[in-house]
Amino acid sequence: MIITGKYPNLRLRRNRKTDWSRRLTQENTLSKNDLILPIFVIDGNKKKQKIKNMPGVYRYSIDNLSLILNKAIKYKIPMVAIFPYINQKLKNNLGSEALNKNNLVCKAIKYIKKRYKNKIGIMCDVALDPFTSHGHDGLIKNGEILNDETINILIKQALIQAEMGCDVIAPSDMMDGRIGQIRKALDKKNFKNVQILSYSAKYASSFYGPFREAVGSQTMLKGDKKTYQMDYRNKHEAIREVALDIKEGADMVMVKPGMPYLDVIKTIKENFKIPVIAYQVSGEYSLIMNGINKGIIDDRSIIESLSSFKRAGANAIITYFADRIVKKLI
Ligand code: PBG
């Protein structure tokens, strides 16, 4: 630690005394370029559907996607993340709808690519949970989530998304070895330039509740995800997960959830110097939004929470606040 003087000749408040001086000496900046906006899509026509526990967030039918995308593009948000609300009737044990080339995710990718070309990046989850009747991210047999068998399906899901024009494949399933297998398959099919953002350090968290309602998997989920998502007491394990994913070909890695895991973000950034994406998840959104709606806190708390990710070392943040906050950023 370098301290170059002491009170009274050293006064740290001097640099804070005016707005221009605070701007001049700031260590981090939050900008539009740091935001990734999640979008929920649903079948049907002209839908903009409220999500009970996520006030201000909606499910859009494809024909209404421009309502949110025009805004994202106008304000130069770099990327959106697509999450589908799948009709219960299309869900089964194997999650086979995930491999339907005409499913909701595929339709959304095609629509956005056709209309907006490369003005905005598209990221898609690779995992089975929106499509399975049990709500788990993988195949299940006698209560066990099968690793290798699941990967075989994830590979196909990733290839379909790439074929539709998805820019960034984001495996969120936490199966061992899936990044390498998906990278290999993508390369073999000549999708060499499709990026992989791995949900590397994804914790089994109780902050995902509102998201599961948003994609309609909450009531279906049997048990928890602790045999594949990480234990929130662990940090060294996150380093190992990230190290493996980088070796296997990940272009970017993610830490998820966000605010309770700032220490993990910092550790990963310091160790690997790779683009690190933080996910401010649905439960975090709901908490802050609840405070705002009750008048307990205001929108400045959003900027503060997002800035904490930058300070910890994140390159960008997936946040449901992206569209709400972007016009206030440079
Ligand atoms: C699916 C997935 C989840 C989230 C993103 N992708 C939920 C889960 O793993 O159960 C959570 C996002 C959020 O809570 O905002 N694999």
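**Entry: a pair inside one helix**

I started with E270 and K266, which sit four residues apart in helix α8 (residues 262-272), so about one helical turn separates them. This is a predicted model, so I keep that in mind throughout. The two side chains meet in a salt bridge, N to O at 3.3 Å.

How exposed or buried is D299? I get 15% relative accessibility for D299, and since buried means under 20%, D299 counts as buried. R324 is partly exposed, at 30%.

**Entry: a network**

I also noted D129, D137 and K225, which are joined into one network by salt bridges that share partners.

**Entry: K101 and E163**

Then I checked K101 against E163: their side chains meet in a salt bridge at 3.2 Å, N to O. The pair links distant parts of the chain, 62 residues apart, with K101 in the loop between β4 (79-85) and α3 (104-116) and E163 in helix α4 (residues 147-164). K101 is partly exposed at 42% relative accessibility, and E163 is partly exposed at 44%.

**Entry: the tally**

How many salt bridges does the structure hold? I have 17 down for it.

Methods:
Residues are numbered from 1 along each chain as its sequence is written. This is a predicted model: local features need pLDDT of at least 70, side-chain atom pairs count only at pLDDT 80 or more; totals for chains, interfaces and linings use all residues. Side-chain values use heavy atoms; hydrogens and water are left out. A salt bridge is a side-chain nitrogen of Lys or Arg within 4 Å of a carboxyl oxygen of Asp or Glu. Helices (H or I, at least four residues) and strands (E, at least two) are DSSP runs, numbered from the N terminus. Buried means under 20% relative accessible area, exposed over 50%, partly exposed in between (1.4 Å probe, protein chains only).
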